[in-house]
Amino acid sequence: PARRLEGIDKNPWLEFVKLANENEAVNLGQGFPDFAPPKFATEAFQQAVSGDVMLNQYTRAFGHPPLVKILAKFFGKLLEQDLDPQKNVLVTVGAYGALFYAFQALVDEGDEVILIEPYFDCYEPMTKMAGGCPVFVPLRPASTYKGQLMSSGDWQLDPDELASKFTPRTKAIVINSPNNPLGKVFSRAELEIVANLCRKHDVLCISDEVYQWLVYDGKKHISIATLPGMWERTLTIGSAGKAFSVTGWKVGWTLGPDHLLKHLRTVHQNSLYHCPTQGQEAVFSNFERELKLFGQPDSYFVQLPEATQKSRDHMIESLLTVGMRPVIPQGTYFLIADISTFKEKMPDLPGSEGEAYDSRFIKWMIKNKGLVAIPVSAFYSSEQKKHFDHYIRFCYVKSDSTIKAMDDKLQQWK
Ligand code: PMP
Ligand code: GLN
C-alpha cells in the first residue's frame with residue numbers, strides 16, 4: 001500500500017455496522033433515519049428518474065445547474081453573501097466528498113490541522129492522507145455529575161489551550177457544529193474565539209454543518225462563515241442526506257470563496273469529475289420547496305427538529321431507567337451516555353487485547369441486551385481514547401417503532 005495509508009486501515013463503522021447487521025438487535029448505532037423520508041423528497045427523485053430523459057446523462061461537472069443556483073440563493077441568505085452559483089458552490093458525493101476535497105485541495109505535507117475532540121472520526125485519516133498532521137484540542141466537560149444531567153453545552157474549549165495549538169504550521173481548523181458525537185451546538189461567543197484565532201494566525205476553517213437543521217430547545221445554529229473576516233477563509237459543508245433524511249442519496253456541497261473553491265474544483269475535475277445527476281435534480285426540487293416555506297410550519301427544516309427532539313427526550317428518559325447518564329444534546333442525530341456505573345460493576349468484560357471499554361461494553365450489550373450503539377472512544381485520538389471509554393453514542397433519529405423497541409429492551413434490562 002501507499003505510505004499515505006499507513007495506520008488508517010481501521011474504521012469503526014465497518015465493525016459496528018457489521019455487528020448491527022449480524023445480530024437481531026435494535027440498531028441505534030450508525031446515524032441514519034429508519035423512517036421514510038418526506039413524500040415530497042421521494043416524489044422529486046421519482047420525477048427525476050422518470051421525467052426528462054437527459055437527466056440520465058452527465059450534468060455540469062461542478063454541480064447540476066438548477067441545484068447550484070438554488071443552493072446559492074438559499075445559503076446566500078443564511079451566510080449573508082451574494083453567492084455566485086458557478087464560483088461559490090461545489091456539489092460533491094455527500095459531505096464526505098466535500099471534506100475529502102477540502103483536505104486534498106488545501107492541506108500540504110507537514111501542515112497542521114486542528115481537530116476538536118471528540119470529532120467525527122474521518123477528519124483524522126483525511127488530514128493524514130493529505131500529508132497533514134492532526135493537532136488535537138479537547139472539549140472539556142465542565143463539572144462532575146452532581147445529580148443533574150449534563151448538557152452538551154457544558155463541554156467547552158479552554159480558550160488558552162486552544163490558542164496554544166496555533167503555530168506557524170497551522171493550516172486549518174475543523175469546526176463541526178452541531179457536533180457529532182456530542183450534539184454540542186457552538187455558541188456565537190465560542191465561535192468568535194475560534195474566528196479571532198483564525199484571523200490572527202491566517203488559518204482556514206473547514207466548517208462541517210451537516211446537522212445545521214437538527215437543533216433543539218430553541219437553540220440557533222450559527223455558521224462561522226458569517227463572523228467578521230471569516231467568509232474568505234471558510235468552507236461551509238452541508239449534506240442533503242441530513243437535511244432531507246435521505247442519507248443514501250449522497251448529495252453534499254461546499255460553499256466558499258472562489259479563491260478556495262477553485263482548488264477543490266481542481267481535485268474534483270481530476271478525480272470524480274461528475275456527481276450523479278438525478279439525485280441533484282431531486283435535491284434541487286427539495287430546496288426550491290424549502291425556500292418557499294422557509295421558517296413556516298410546513299417546512300421540513302421546521303418539522304424535522306420538532307419530531308427529533310421528541311425522540312431525543314424519549315431516549316433520555318429510557319436510558320436513565322437503566323442507570324446510564326445521557327449528556328443532553330443541543331443538536332444532531334446523537335447523544336452520548338455515561339456508562340461509568342457499568343464500568344465499575346463489570347470492569348472485566350471480554351474483548352480483544354487493548355480494546356477500549358466502551359467498545360467491549362457495546363459488544364456485550366448487543367449480545368445480552370439487544371441494543372447497538374457506537375463507542376465514543378472512536379471519536380478520540382489514540383492518546384485520549386482511554387480517557388473517554390466510559391461513554392457510548394446512541395442515534396435517536398429513528399421511527400417510533402424503533403424507539404418503542406428500544407424502550408422494551410431497556411424495560412427488560414431494568
Ligand atoms: N460530517 C458529519 C459530522 C457526519 O456525521 C457525517 C455522516 N453522515 C458526514 C459528515 C458525512 O455525510 P454524508 O453522508 O453526506 O457524506
Ligand atoms: N455520520 C454517520 C454517523 O456518524 C455515518 C458515518 C458512517 O457510516 N461512516 O453515524
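In the protein, 72% of the contacts with a separation of 6 or more are between residues 24 or more positions apart; two residues are in contact if their C-beta atoms, placed from the backbone, lie within 7 Å. This is a predicted model, in which local features need pLDDT of at least 70 and side-chain atom pairs count only at pLDDT 80 or more, while totals for chains, interfaces and linings use all residues. Residues are numbered from 1 along each chain as its sequence is written, and chains are lettered from A and ligands numbered from 1 in the order in which they are written.

**Overall form**

- The protein has 14 helices and 15 strands; helices (H or I, at least four residues) and strands (E, at least two) are DSSP runs, numbered from the N terminus.
- The protein is as compact as a globular protein of its length, because its radius of gyration of 21 Å is close to the 22 Å that the globule rule gives for 414 residues. The radius is taken over C-alpha atoms, and the rule is 2.2 Å times the number of residues to the power 0.38.
- Along the principal axes, the C-alpha atoms fill a box of roughly 60 × 50 × 45 Å.
- Of the 414 residues, 46% count as buried. A residue is buried if 20 or more other C-beta atoms lie within 10 Å of its own, exposed if 12 or fewer, and partly exposed in between, with C-beta atoms placed from the backbone.

**Strand pairing**

- Strand 3 (residues 112-117) pairs with strand 4 (residues 133-138) in the parallel sense over six bridges; two strands pair if DSSP finds at least two bridges between them.
- Within this pair, L115 stands opposite F136 of strand 4.
- Together with helix 5 (residues 123-129), strands 3 and 4 form a right-handed β-α-β unit.
- Three bridges join strand 11 and strand 12 in the antiparallel sense, and P326 has A337 in strand 12 as its bridge partner.

**Surroundings of the ligands**

- Around ligand 1 there are 14 residues, of which G94, A95, Y96, F120 and S239 come nearest; a residue is near a molecule if its C-beta atom, placed from the backbone, lies within 6 Å of it.
- Helix 4 (residues 94-106) gives the most to this shell, with three residues.
- The shell around ligand 1 comprises four nonpolar, eight polar and two charged residues. Ala, Val, Leu, Ile, Met, Phe, Trp, Tyr, Cys and Pro count as nonpolar, Asp, Glu, Lys and Arg as charged, and the others, Gly among them, as polar.

**Backbone features**

- E117 and P118 are joined by a cis peptide bond with omega of about -5°, and P118 is in the loop between strand 3 and helix 5.
- A cis peptide bond also joins N180 and P181, with omega of about 20°.
- D202, a residue other than glycine, has a positive phi near 50°; D202 is exposed, with 11 other C-beta atoms within 10 Å.
- T332 is not a glycine but has a positive phi of about 80°; T332 is buried, with 31 other C-beta atoms within 10 Å.

Conventions: A crossover is right-handed if, with the strands pointing away from the viewer, the path from the first strand over the helix to the second runs clockwise.
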